Amino acid sequence: MALNDSLREMFAMIELEMRRLRHDRTEIYTRAVQPILWLAVYGTVMSHVRDIPTGGIPYIDYITPGVLLQSTIFVSVFYGLTIVWERETGILKRLLVAPASRYATVIGRAIASGVRAVVQALIIFPVAILLGVKFIPNPIYIFAAFLMLFMISGGFAALSIFVASLMKTRERFMGIGQALIMPLFFASNALYPISLMPPFLQSIAFVNPLTYAVDAVRGLMISGDVANVPADFAAVIVFDILIFAVASISFRKIIE
Amino acid sequence: MESALELAIEIKQLTKVYDGKVNALDGVDLTVKAAGIFALLGPNGSGKTTLMRVLTTQFRPTAGVARAFGYDVVKDDAKVRKIIGYVPQEMSVWTDITGFENLLIYAKIYGVPSSRRTKSIWEALQSMGMDDVANGPVKKYSGGMIRRLEIACALLIKPRILFLDEPTLGLDPSARKAVWQNLETFKREFGTTVFFNTHYMDEADQYSDEVAIINQGRIVKSGTASELKCSLRSEIITFALADRGNDSRNPSKSMADPGLKLKLLEKIKALDLIDDASLQASNLDVVVEDGDVALPAIIEVLRCEGIRLERIRVTKPTLDDVFLKYAGMRHPKKQERNAA
């Protein structure tokens, strides 16, 4: 019974997110601009350097998975802002008085953010094709890559909700979000192989869930080297479970 | 068992301490009858909102028991949540979707079966007079419309108790009236108990069946509005004294004369049944327990003094007076404690 209530709330939260998107699509489009610039400008310039060992892959193709993930994870990392806003208004209070458990609110919102991320990626994906990025034409691989994108975005949205439940105000939340996003991106294999990094940064990249997501998506979409993909999925699943649990537990704090 | 059925809410010695310091609720005892409209009055920071948030299972109380239709708000919180509707003080709808969609999301959260869903949503919208505008985006609604939409969301599941935290705060008089008229109709139809917080005394007076006043985390007075007003036992009689300056027989005698003023007040205060008297400009205010009895005696005194009257007005106490008496004064002891 309680599980039913919770599942219902999760689905309702996903539907809410989809309805919001349908009413205002501008955000999805404007957020696509930055990753497209990464590919078209940064990617094009850096591909002339030819010093980055990409394993024979063109540089734009090499960074496409990273840029795709970065653009969706940006959305997720700031998803907590929605929660902060809902806390300032009475929406959260009202949701907490509904029959579902509190974890359903957290997980439902995180999944909803994951769905939003997939929609976001679907807009960048064709642009990347137009820029000449060669994807492996295997529907199962593409599907698995999008699944990874969905899972990692949901995890980062839960992380964001966790931060929101501690920070509580917009200003403090923005501070943490900004501080988090750059290291997340640069201390990963999104733009260059980990082997190029100094040892300290390598150890950060090793615990950075984004590294595993990029590795899997790159393997599935670009290089076709899928040997590590199961391990990458395992790492991201562990991250998701941990962060969902932590965010659900700390969510109580947000209304107090 | 029978008494549990009649009572919508039963609260015993409820205490809530924030951060181990502030006693937001300090031993609340309260009962609310089923199918009535109950108003909780209190100054800002008196614990009204905290009490409502404990009753709606958002907070656990530090000590004490609270039950909604027999369900404990801590132990049976899941059951409580299924029978209550709640509208917080702050705006609580999503503004980037339509009014209808807001209710749709709540209908899904509450598991209204899909066969009845659309019908229930339109019924709730109609009961708040929101059916015409339901397909417009909420960000274009006025404050009164948003509040009615919020109440419609809460009415969707036909709750047994509807909790409203300052339901008409910031609304204009016609929007307030619309909210209350719709609520009364709904209540009559479904027998819902309405529990609301307010500091609009007129609203409590006009729409509630029972009132309680909370101050410093304790219920200081409860009963029907008219019981509370009668309990004050104080009516104010205002005498507008005729201007003595126009009196040709005695032109020097005027109310501006402080000696005369004092003498008059002393004489009136000396009468039985008089609680207090004061004189400002040409208005004499006398506070009495029972105006019908005291009035002839006061007139007699004024006549002896040769003062003529222009008008007499008897003011019965309002709920404002009740509120000021029970919640207006801060307990000096507590203030000291807070200062220290």
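How many residues does the contact take from chain B, and how many from chain A? In this predicted model, chain B puts in 23 residues and chain A puts in 23 residues. On the side of chain B that touches chain A, α3 (77-83), β6 (84-87) and α4 (99-109) each supply at least two residues. The biggest giver there is α4(B), with four residues. Sorted by class, that side of chain B comes out as eleven nonpolar, six polar and six charged residues.

Next, the nonpolar cores. The largest one holds 152 residues, and the members that touch the most others are A:I161, A:V217, B:L103, B:A152 and B:L156. Helix α7 of chain A (residues 139-167) gives the most to this core, namely 13 residues. As for B:A152, once its neighbours within four places in sequence are set aside, its contacts are B:L103, B:A124, B:L125, B:S127, B:M128 and B:M130. Another core, of nine residues, lies apart from the largest one, and B:F239, B:I268, B:A294 and B:I298 are among its members. As a general point, nonpolar side chains tend to be buried together in soluble globular proteins.

Helix α7(A) turns up again in a helix pair. It packs with α6 of chain A (residues 102-130) at an angle of about 135°, and the two axes are 7 Å apart. The crossing of α6(A) past α7(A) is right-handed. On the α6(A) side, the contact includes A:V106, A:R109, A:A110, A:G114 and A:A121, while α7(A) brings in residues including A:F146, A:L149, A:G154, A:A158 and A:I161. By class, this contact has 13 nonpolar, four polar and one charged residues.

Two residues deserve a look for their backbone angles. Most residues other than glycine have a negative phi. A:K168, though, has a positive phi, near 70°. This lysine is found in the loop between α7 and α8 (170-186) of chain A. With 17 other C-beta atoms within 10 Å, A:K168 is partly exposed, because burial would take 20 or more and exposure 12 or fewer. The second case is B:F69, whose phi is also positive, near 45°. B:F69 sits in the loop between β4 (63-68) and β5 (71-72) of chain B. Its C-beta neighbours inside 10 Å number 19, so B:F69 counts as partly exposed too.

Methods. Residues are numbered from 1 along each chain as its sequence is written. Chains are lettered from A and ligands numbered from 1 in the order in which they are written. This is a predicted model: local features need pLDDT of at least 70, side-chain atom pairs count only at pLDDT 80 or more; totals for chains, interfaces and linings use all residues. Two residues are in contact if their C-beta atoms, placed from the backbone, lie within 7 Å. Ala, Val, Leu, Ile, Met, Phe, Trp, Tyr, Cys and Pro count as nonpolar, Asp, Glu, Lys and Arg as charged, and the others, Gly among them, as polar. A nonpolar core is a set of buried Ala, Val, Leu, Ile, Met, Phe, Trp, Tyr and Cys residues joined through C-beta atoms within 7 Å. Axes are lines fitted to C-alpha atoms, for helices over the stretch in contact, and angles run from 0 to 180 degrees between N-to-C directions. A crossing is left-handed if the near helix is turned anticlockwise from the far one by less than a right angle, and right-handed if clockwise.
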